[in-house]
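Please look over the sequence and the model below. A short report follows.

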Amino acid sequence: MTSKQMPKITLHHLEASRSLRVLWLLEYLSVPYDLQFYPRDPETRYAKDTEPNSGKGLSAVHPLGRSPVLEVDGVVVAEAGAVLTVLLQHFPKQSEAASGAGDPRPMDLTREGQELNFWVQFGESSLFLHAIPFMYGFKGGVIDASSDGSSVYEKTCARGLKADLDHLENELGKKGGTLAGEGRVGPADICTEVSLEFIKTGILRRRPTSYWSTLGIEGALGPKTQAWMEKCQKDESYLRATEIEVKRGGKVHKSEDWLKPLYG
Ligand SMILES: N[C@@H](CCC(=O)N[C@@H](CS)C(=O)NCC(=O)O)C(=O)O
């Protein structure tokens, strides 16, 4: 696809949100795009001036008022998994577009395509899904500071998260350190790593290692997962995305603190 034929892409991006993975993917693919940046309210940490169905802020683009939302020639794509799929299916990495080589596409019924499709969904539909009850539990005081990880609620929350973290650690071991394979950071990594950053900062950091050990989440994150995160965070397109994120937010913190507006 030449830049002449390239549709107009706009990312509606909420500060310090899961939309970072879309920004990162756009940078990785090197497709031209516009960024519409929505700040968080410093008090509530929700999207500023946005109420679902109010027609204001993010909800002017999609009634739910959430991010990410992508517009492609005016067609609205909402839900992170759908946005990532559309980008990966229709917009090959610019440097590889002409040759037809490059990354698999998630809608292709090939082994490679469906491996990628799994990772496109896993970050949100497994990892994040299982992490959210902890986030809400900590925030709402359901899991208070005296909790030691032995309640039925905590054990129920931990079961899925532990399985997801173990699976990730095992797959990284099998694939040589990254999900794209051969030590290369690619779309599967981009779709997954951001969820881990939320889990590390928003959940694991909030309790001591002993708490997580009680729940079977030994050492919180496995060594392969930690090494992989470090590698992802040195990736050129990741660095560009986090720099854009921090600059657009007008904040003074460094790009590795891009989650600060959410977790402080
Ligand atoms: N399932 C949706 C969730 C979207 C979502 O909840 N996004 C959050 C940001 S991480 C948001 O925009 N929240 C609106 C707010 O905080 O006001 C997706 O995967 O895109």
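## Strands and their partners

H12 has V69 as its bridge partner in β3. This model is predicted: local features need pLDDT of at least 70, side-chain atom pairs count only at pLDDT 80 or more, and totals for chains, interfaces and linings use all residues. Residues are numbered from 1 along each chain as its sequence is written.

Strand β1 (residues 9–14) pairs with strand β3 (residues 69–72) in the antiparallel sense, over four bridges. Two strands count as paired if DSSP finds at least two bridges between them. Strands (E, at least two residues) and helices (H or I, at least four residues) are DSSP runs, numbered from the N terminus.

β3 is also joined to strand β4 (residues 75–78) by four bridges, and these two run antiparallel. β3 and β4 form a hairpin with two residues between them. In that turn, D73 has a positive phi of about 50°.

| Residue | Bridge partner in β4 |
|---|---|
| V69 | A78 |
| L70 | V77 |

## Two domains

The protein chain is assigned domain 1 (1–102 + 236–264) and domain 2 (111–232). These bounds come from an automatic or database domain assignment. The C-alpha centres of the two domains lie 22 Å apart.

How many residues of domain 1 are in contact with domain 2? 14 residues of domain 1 are in contact with 13 residues of domain 2. Contact means that the C-beta atoms, placed from the backbone, lie within 7 Å. On the side of domain 1 that touches domain 2, α1 (20–29) and α2 (80–90) are the elements that give two or more residues. The residues of that side divide into ten nonpolar, two polar and two charged. Nonpolar here means Ala, Val, Leu, Ile, Met, Phe, Trp, Tyr, Cys and Pro; charged means Asp, Glu, Lys and Arg; the others, Gly among them, are polar.

## The core

The largest nonpolar core has 64 residues. Domain 1 and domain 2 both give residues to this core, so it lies between them. Such a core is a set of buried Ala, Val, Leu, Ile, Met, Phe, Trp, Tyr and Cys residues joined through C-beta atoms within 7 Å. Buried means 20 or more other C-beta atoms within 10 Å of the residue's own. Among the residues with the most contacts inside the core are L23, W24 and A131. L23 touches L11, H13, A241, I244 and E245, not counting residues up to four places away in sequence.

Methods. Contact = placed C-beta atoms within 7 Å. Buried ≥ 20, exposed ≤ 12 C-beta atoms within 10 Å, placed from the backbone.
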